[in-house]
Amino acid sequence: MYFPIIMLHYVLNDPHESIAKWSITPRKFIEMLDCIAEIGLQVTTFEEILEKKFSGRELGNKVVITFDDCPSSLFEFAIPELIKRDLKAVFYMPTAYIGQYNIWDVEQHGTIETPIMDELALKKLVELGMEVGSHSNHHIKLSAISEENAFEEINDSKELLEKIVGKRISSIAYPFGEIPNNFKVSLKRAGYQFGLSIYSPSQHQYSLRRIGIYQTDSRKSMLFKLSRSYHLLRGIGSPIKKLKELVMKKEY
Ligand SMILES: [Zn+2]
C-alpha cells in the first residue's frame, strides 16, 4: 500500500521569520494543488479510505494532504481554497492547546505566538467535510516518554476530539514525527487505524511516512516528491539529511 501523504503547517503570505520554515505561501499552496491535479492524483482522507475500503490499486492514485498543529490562520486561505476545489484535508490537533496558541513552539524554539483553532473551528472543519486527527495531547516527543505516558497522550487526545466533533477519530500524527515505543500495541489499544510519522524506515499503517512541502520546493521538486521513486528513496531516511551528515563527518 503506498500513497503520498503531504505534511504542511502554515499557509501564509509574509510569515514571521520564526515560523517561516514551516510556512508556504498561498501561491505555493496553489502550485502544489495544481501539481496534484496535473499528475492525476485524487485527494482523499483517512476516513474516506476506511469508509470506501479502497483497494491497493485504487490507493495507487490517491494523495492525502495533512496539516499539523491546526493554526487558525488556515481558515484565511488554505481551507477556502480546498473548498473551492472540492478537496478535503486532514488536520492534526495537539489537544491540550485547543483555542490557545502554539505554546510548545514558543517555549522550545522562541517562535511568535500563533493562535490555534478552538472547539468551534474543529466542529466547523468537520461540517466542511474535513477530517480531524490527533497530534497528541501536549505536542511532545512520544518516543522520549514511557509507554504508559505515551499511551495517555495518544488516548486522551483521541477521546477529547471525539467528544468535540462527535465522531470517531481514526488517525494520529506523531509530534516531530517521533514514533512512540511499542506504538503498534498502543495505537491499536486506543483504537486508531493510522499513525503518521515523517521519516520512517518501515511502512506500517501506524508508521506512515509523510513528505514535507516547503517554500523552497519548485514545481519540479514537488512533482518528484509526489512520485513513487521519491517514496522509495525516503525508505533510507531523508536523502538530504543523510548527505548533510556525511559532509559534517568530513569536516570534523
Ligand atoms: Zn506539530
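Tutor: We begin with metal donors, which are N, O and S atoms within 2.8 Å of the metal (3.2 Å for Na, K and Ca); water is not among the atoms, so sites may look incomplete. This is a predicted model, in which local features need pLDDT of at least 70 and side-chain atom pairs count only at pLDDT 80 or more, while totals for chains, interfaces and linings use all residues. Residues are numbered from 1 along each chain as its sequence is written, and side-chain values use heavy atoms, with hydrogens and water left out.

Student: Which protein donors does the zinc ion have?

Tutor: The zinc ion has Asp-69 (OD), His-135 (NE2) and His-139 (NE2) as its protein donors, at 2.0 to 2.1 Å. Along the chain these donors follow the spacing D-x65-H-x3-H. The pair Asp-69 and His-135 links distant parts of the chain, 66 residues apart. Asp-69 is in the loop between strand E5 (62-68) and helix H4 (78-84), and His-135 is in the loop between strand E7 (131-134) and helix H7 (147-165). The element names refer to DSSP runs numbered from the N terminus: helices are H or I with at least four residues, and strands are E with at least two.

Student: What does the radius of gyration say about the chain?

Tutor: The radius of gyration is taken over C-alpha atoms, and the globule rule is 2.2 Å times the number of residues to the power 0.38. The chain here has eleven helices and ten strands. Its radius of gyration is 17 Å, close to the 18 Å that the globule rule gives for 252 residues, so the chain is as compact as a globular protein of that length. The C-alpha trace spans about 45 × 45 × 40 Å along its principal axes. Of the 252 residues, 52% are buried.

Student: Where is Phe-67 found, and what surrounds it?

Tutor: Phe-67 is in strand E5 and is buried, at 0% relative accessibility. Beyond four places in sequence, the residues that it touches include His-9, Phe-29, Leu-82, Phe-91 and Tyr-92. A C-alpha distance can also be read against separation along the chain: Phe-67 and Ala-173 are 106 residues apart, with their C-alpha atoms separated by 9.5 Å.

Student: Which other C-alpha separation may be read in that way?

Tutor: His-16 and Ile-112 are 96 residues apart along the chain, and their C-alpha atoms are separated by 7.4 Å. His-16 is in the loop between E2 and E3 and counts as partly exposed, at 39% relative accessibility. Ala-20 lies in the loop between E2 and strand E3 (23-24) and is likewise partly exposed, with a relative accessible area of 31%. The C-alpha atoms of Ala-20 and Gln-215, which are 195 residues apart along the chain, are separated by 8.5 Å.

Student: What is the phi of Ser-136, and how is such a value to be read?

Tutor: Most residues other than glycine have a negative phi. In Ser-136, phi is near 70°, a positive value in a residue other than glycine. Ser-136 is in the loop between E7 and H7 and is buried, at 0% relative accessibility. Asn-182 also has a positive phi, near 50°. Asn-182 is in the loop between strand E8 (171-173) and helix H8 (183-190) and is partly exposed, with a relative accessible area of 39%.

Terms used. Buried < 20%, exposed > 50% of the residue type's maximum accessible area, 1.4 Å probe, protein only. Contact = heavy atoms within 4.5 Å.
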